[in-house]
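Subject: Handover of a structure and notes on its contents

Dear colleague,

Please find the structure below, together with an account of what was found in it. I would be grateful if you could read the notes with the model open beside them.

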Amino acid sequence: MKARTRTRPVRLSPADRKALVLLTRTGSHPAQEVRRARILLELDENDRDRHGPVPTNAAIAGRAGVCVDTIVKVTRAYSEHAGDVQVTIRRKKRLTPPVESVVTGEVEARILALACSQPPEGYDRWSLRLLEKHIVLVDDIPDLDHSTIGKVLKKRNFALT
C-alpha cells in the first residue's frame, strides 16, 4: 500500500482517539460527525494498531464511502483548527439564518394589538383569516399568511376567543 502524502499530518492524542472511537461505536450521533470521526481515525499517524504507513486518501475515501475531496477537507479543517478534534467533526453554526424572518418583535406586537382589539362590525370575534385580511390593509405590517399569524399568536399563548 502506498503511503499518504503528509502535507497536513493528523496526529491524535490517546484521549482524542478514545473519544472518536466511542463516538463511532456508541450512541446516536449525526452521520456526518461519525463519518468525519472515522476519517480522522484512519488518518491518525499515532495509531499503534496500524501495520504499515497511513493509507492514501483514495484508500481512506473508499473505506469511508466518500470522495477524496472530503478527505482533503477534513484534513484541512483539522490543521486549520490546530488539531481540535471536536471543532473538526462538528458542523459549523450559521451566524445568520438563510432567510431573514419578516416577523420581528414590532410586527408581533402589532399583530397582538390587532388581535386584542374589537373585531370589525358584523363579526363576533377575530379569526386567523380575518386578521390576515386586516393586516393586508395596514401599511407598516408586511403581508403575512394566516398560518404565520397563528404561529405568532401560539408563541405568545394567545387564544382567539
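Helices (H or I, at least four residues) and strands (E, at least two) are DSSP runs, numbered from the N terminus. The model is a predicted one, in which local features need pLDDT of at least 70 and side-chain atom pairs count only at pLDDT 80 or more, while totals for chains, interfaces and linings use all residues. Residues are numbered from 1 along each chain as its sequence is written, and side-chain values use heavy atoms, with hydrogens and water left out.

The twelve residues of α1 should span 16 Å at 1.5 Å a residue, and its end C-alpha atoms are 16 Å apart, so the two values agree; the expected span is 1.5 Å times one less than the number of residues. Just after α1, G27 has a positive phi of about 70 degrees. A positive phi, near 55 degrees, is also found at A82, a residue other than glycine. This residue, A82, sits in the loop between α4 and α5 and is exposed, with a relative accessible area of 72%. Here buried means under 20% relative accessible area, exposed over 50%, and partly exposed in between (1.4 Å probe, protein chains only). N157, again not a glycine, has phi near 55 degrees; it belongs to the segment after α8 (146–155) and is exposed at 73%.

Next comes the interior. In soluble globular proteins, nonpolar side chains tend to be buried together. A nonpolar core is a set of buried Ala, Val, Leu, Ile, Met, Phe, Trp, Tyr and Cys residues joined through side-chain atoms within 4.5 Å. The largest such core has 19 residues, and L12, L20, I39, L40 and I71 touch the most other members. Two or more residues each come from α1 (14–25), α2, α3 (57–64), α4 and α5, with α2 giving the largest share, six residues. Another core lies apart from it, with 15 residues that include A115, L130, I141 and L153.

What does L12 contact, leaving aside its neighbours within four places in sequence? Its partners are R17, L20, L40, L41, D44, N46, Y78 and V85, where contact means heavy atoms within 4.5 Å. A64, in helix α3, is buried at a relative accessible area of 15%. Not counting residues up to four places away in sequence, A64 touches R38 and I39.

Finally, there is the largest pocket, with a volume of about 280 Å³. A pocket is an open set of points on a 1 Å grid over the protein atoms alone, where a 1.4 Å probe fits, with protein on both sides within 12 Å along at least five of seven lines; lining residues have an atom within 4 Å of a point. The lining has 14 residues, of which R36, K73, A77, T88 and R90 lie nearest the centre. At least two lining residues each are supplied by α2 (31–43), α4 (68–80) and α5 (85–89). T88 is found in helix α5 and counts as buried, at 5% relative accessibility. Leaving aside neighbours within four places in sequence, T88 is in contact with R36, L40, V74, A77, Y78 and H81.

Yours sincerely

Note on methods:
Points joined across faces, edges and corners; volume = space filled by probe spheres on them.
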